[in-house]
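Here are my notes on this one, point by point. Have the viewer open while you read.

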Amino acid sequence: MSRLRLLIPLTLLAVVAAGCTTPQPEPEPTPSGPAAEVVAPDYVRMAQNSPSEASPLLRQKHPLTPADAAIIGPEYAVAFDWTATVSRIDEDDATRMGLPGAIAAPSGAEFFLVHVAQPSPRPVGKSGALTPATQVVVAGQARPLSVRFGRNGVLVISAPTGAPVLLKMTDKGRTQTLDLRTGKRGSDANPLFYTRYAMKDFDVRTNIRPPEPGRIGMSGSLALLPWTEDRGWAPSGKAWLHFEGSLYQLLADTDGPVTLDLSRSITVMAGGKAYPAPAEKRQLSEALNNTPTSESLDIEVPVGFRTGVLRLKPVVTCGDCHPGTQSSVGVTLVASPVPMEP
């Protein structure tokens with residue numbers, strides 16, 4: 001009996017000793033490379049390149065639809081196609097992205113990454129040479145950002161975890177806003193920048209007698225725009241019906257140049273109302289070998305204009321010219337997606 005009592009404590013000690021020698025889990029590996037610099041809370045940088053698809057930065061990648069996650073203005077446009085959130089960017093990724101070195105977000109914050117899409121949307125006018133006024137607004141606090149959004153670049157923002165991140169862009173004096181977290185535009189976005197309404201390949205011509213028979217014609221395309229290079233912004237509730245093409249004359253035996261009174265000669269009819277061309281007189285090019293000079297013209301119409309009639313009844317000034325007969329063409333604008341640039 002005494003031997004049994006002695007064996008029981010020895011057995012318990014053996015069990016305890018065995019438990020003490022059980023292998024412990026491996027500690028979490030620490031990030032490789034140099035120590036990361038903790039950035040300032042208001043950190044914003046434009047990295048010129050994106051991380052590799054295998055990068056740990058993209059484990060939390062969230063796709064965006066570029067057609068929605070876009071700001072398009074008169075002379076500048078940018079779109080985004082994914083976001084990601086991380087607490088640290090290590091040396092390898094920083095080098096690939098063009099950042100100075102490894103960085104870490106401050107306590108309670110994260111790095112919010114948003115990737116510039118390829119291809120990018122085309123602005124309404126010609127791409128401007130100057131960068132528009134741009135701000136990143138994080139949790140209601142604005143941070144100025146003077147960069148051009150290079151294709152395949154990544155905007156890196158230090159933000160409180162989950163805080164709203166907005167992009168505000170001002171082009172030609174008007175500001176538009178994009179929620180970078182959701183990829184949704186604000187109510188300040190102009191709808192005509194994001195759905196293009198246009199009519200291609202229309203033609204209207206009218207006979208005229210200088211003293212010999214001839215004609216004056218107008219052919220090309222029409223587009224409904226909120227802003228044009230010639231006229232700037234349309235008034236509130238209005239848009240420009242923008243003509244691009246040929247406004248020409250083919251007349252014989254005229255004495256000197258042929259000048260067309262635009263507002264008395266070209267009118268758009270819609271909803272029982274007349275919308276004349278600008279009060280301007282324009283010298284017409286001659287349609288030699290069917291290659292007249294390219295022209296542009298903006299007619300102020302309601303912003304909701306989609307269908308109407310364009311009337312051409314030339315009132316011209318030239319040697320022995322007489323008013324021409326009236327001709328017209330139906331106008332129907334068709335909606336199309338924003339054109340993209342590779």
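**Notes on the model**

1. Let's start with a charged pair: the side chains of R205 and D203 form a salt bridge, with N and O 3.3 Å apart. By salt bridge I mean a side-chain nitrogen of Lys or Arg within 4 Å of a carboxyl oxygen of Asp or Glu. R205 is partly exposed at 41% relative accessible area, and D203 is partly exposed too, at 36%. The cut-offs there: buried is under 20% relative accessible area, exposed is over 50%, and partly exposed is in between (1.4 Å probe, protein chains only).

2. Some housekeeping. This is a predicted model, with local features needing pLDDT of at least 70 and side-chain atom pairs counting only at pLDDT 80 or more, while totals for chains, interfaces and linings use all residues. Residues are numbered from 1 along each chain as its sequence is written, and side-chain values use heavy atoms, with hydrogens and water left out.

3. The overall picture: the chain has 3 helices and 31 strands, taken as DSSP runs numbered from the N terminus (helices are H or I with at least four residues, strands are E with at least two). Of its 342 residues, 46% are buried. Among contacts with a separation of 6 or more, 69% are between residues 24 or more positions apart, where contact means heavy atoms within 4.5 Å. The accessible surface is about 18000 Å², and carbon and sulfur atoms supply 53% of that (Shrake-Rupley, 1.4 Å probe; for residues, only the protein chains shown count as cover).

4. Take a look at the open sheet of 3 strands, in the order β24-β21-β28 with antiparallel pairing. β24 (281-283) and β28 (316-317) are at the edges with a single partner strand each, so one side of each has no neighbour in the sheet. Pairing here requires at least two DSSP bridges between the strands. β21 (residues 259-261) is joined to β28 by 2 bridges, and L260 stands opposite V316 in β28.

5. Back to charges: the whole structure has 8 salt bridges. One of them joins R264 to D261, with the closest N and O atoms 3.6 Å apart. How accessible are the two partners? R264 is exposed at 57% relative accessible area, whereas D261 is buried at 10%.

6. Which residue does E295 bridge to? The partner is R282, at 3.1 Å between the closest N and O atoms. E295 is in strand β26 (residues 294-302) and R282 in strand β24, so the pair ties together parts 13 residues apart in sequence. Both E295 and R282 are buried, and together with E280 they make up a network of salt bridges.

7. Now the rings. A search finds 5 aromatic pairs, and one of them is F193 with Y194, edge-to-face at 6.5 Å centre to centre and 85 degrees between the planes. Rings of Phe, Tyr and Trp (its six-membered ring) pair if their centres lie within 6.5 Å; planes under 30 degrees apart are stacked, over 60 edge-to-face, and the rest tilted.

8. Last item: the charged end of R174 sits over the ring of W233, 4.3 Å from its centre, and R306 lies over the face of Y197, at 3.9 Å from the ring centre. The criterion is NZ of Lys or CZ of Arg within 6 Å of the ring centre and within 35 degrees of the ring normal.
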